[in-house]
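Trainee: I am new to this structure. Please walk me through the terms used for it.

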Amino acid sequence: MKKRLLGAMCLIYVFAVSCTDENLEAEVLPNSQELTNGLEQDLLSVQEINQQIDQSLETEGDFNWNDASDQMLWSALSHGDFILTIGYGSDIEDYANKNSNTQQNVKEALVAIVKKSEESSNQDANKDEDVLIYDDPYLTVMDLKVEKLETVKALRSDHRIRYMEPAGYAYEQQNTTGKSSGSGCGLEGENLSSQDYINIAPGARMPWNFPIHKIDQAWSYSTGSGITIGVVDTGISPSQSLLNGNFNSGYSSGRSVEKYGVYVDSFWPWSRRTDGPNDKCGHGTSMSAAATAPRNSSNLPVGVAYNANLVSYRAAANVLLNGYHEQRGVATAFTQLGNRSDVKIISMSMGYIYSIGRIKDAIRYANNRGKLIFCAGGTSTSFTNFVGVIFPANMSETVAVTGIEEGNGYDECDTCHKGSKIDFTVVMERSNNNHIPVLGYSNGSSDYVGGSSVATANAAGIAALVWARNPNWSRTQVLNKLRNTADLYPNKSGSYGWGNLDALRAVQ
């Protein structure tokens, strides 16, 4: 039986590159002389840059551009459309844009540094629109066009800069050792085996793993009513009516679904036009369905919190956040969800192999506003599992979830990451390698979805059950309840966190 593993980060060792538009954006210019405009500094090749990133990932478990040399950062800019992201502020905690005079003065001063340094090589560089690509309305983050090594050095000596990153540089996309990203996409459905679901009233199919986590018993206490889950992913299929006009049907009623698109599908970094809220990948549809699909008579899989509200964000083209517009889209989604008082829970089953400053700031922004944020621990081949828990699941502000196999004890799924940053596990892989049934991309269709992605969506749904049962609780109280009722509590595994979630104990 065909299986579709929709992972938080499906890294596949192949020589073909991913089919996303961003893969067409970056062009390696022919020589360092043209790039440097006469500077003597050597340009590092893509392979040399990636070797240094690999070394950091293997030894430190992460990579930070703040630790890169001026030469490495500038070289990455040169291979990545010269887009430099700057996080500025008085200190590391100054990430929220308050539109203060101090923040405005810092921003203007940094732009002035770039204009002055770049103008000798670009006659139009004194124009703001040719230097400033994007100015974030919620975060102290901006994107600038920087071509010269001298500009990089001048900026790095400024204490008002929290971080500098080459936003246009895509590590997996350009890795000349043969590594490339799988997109995690798939629009074709799949017929379900009768062994992988249980028929329940009024004609729905309950996924096989729900009884393991006692979700079916928890429904006697809570179905997620009154709680809003924000799903940051690739959007929702316009062809799946159960996540659109028929979101309220059968036992699911009195709730709402909203869809937004913040992903800009363009080669041009200055572009602002998004391609809408509709899923063109399939991953976002699957994650929204796993968390909130209705319980009705359609003979299709039901979601964990089938009475919860849903706010879907199309923030990226696929699950691997290796493009400038994808990273900006995800940050925008988190800040907008963070500003909504009705959104309690945010679920994101996408990620990257190392930290991205603007997304980190956006998650901290949402976390500071009381959101409970679930992120996928990582899904990839065994060649890349050495990375452990991926970004942003490795952040302290997020709840990291991974998938394990059915059976006694704990054994991660064939492609799931594990590590000390994992908080919870969800059973999502059978001994025959079947995964979790979900709604398909098209009306009347179903599908299987695996990896830490679906584990994360299921965990977000369980959290909605708990919060709906205790609507006056804070995020901390909900998280503590999930932790205290998990399988391994009071012990914490170095690979699987607090273990399997127990929905029934968590809602009692």
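**Cysteines and a helix pair**

Mentor: Cys413 is buried, at a relative accessible area of 2%. This is a predicted model, where local features need pLDDT of at least 70, side-chain atom pairs count only at pLDDT 80 or more, and totals for chains, interfaces and linings use all residues. Residues are numbered from 1 along each chain as its sequence is written, and side-chain values use heavy atoms, without hydrogens and water.

Trainee: Why is Cys413 called buried?

Mentor: Buried means under 20% relative accessible area, exposed over 50%, partly exposed in between (1.4 Å probe, protein chains only). Cys413 has 2%, so Cys413 is buried. Cys416 is also at 2%, so Cys416 counts as buried.

Trainee: What makes Cys413 and Cys416 a disulfide?

Mentor: A disulfide is a pair of cysteine sulfur atoms within 2.5 Å. Those of Cys413 and Cys416 are 1.9 Å apart. The structure holds two disulfides.

Trainee: Which cysteines form the other one, and how do you know?

Mentor: Cys185 and Cys281 do, with sulfur atoms 2.1 Å apart. The torsion about their S-S bond is about -105°, so this disulfide is left-handed.

Trainee: Is Cys185 buried or partly exposed?

Mentor: Cys185 has 32% relative accessibility, so Cys185 counts as partly exposed. Cys281, at 0%, is buried.

Trainee: What makes residues of α9 and α12 count as meeting?

Mentor: Contact means heavy atoms within 4.5 Å. His283 and Met287 are among the α9 residues that meet α12 residues including Ser453 and Val454. Helices are DSSP runs (H or I, at least four residues), numbered from the N terminus.

Key
Helices (H or I, at least four residues) and strands (E, at least two) are DSSP runs, numbered from the N terminus.
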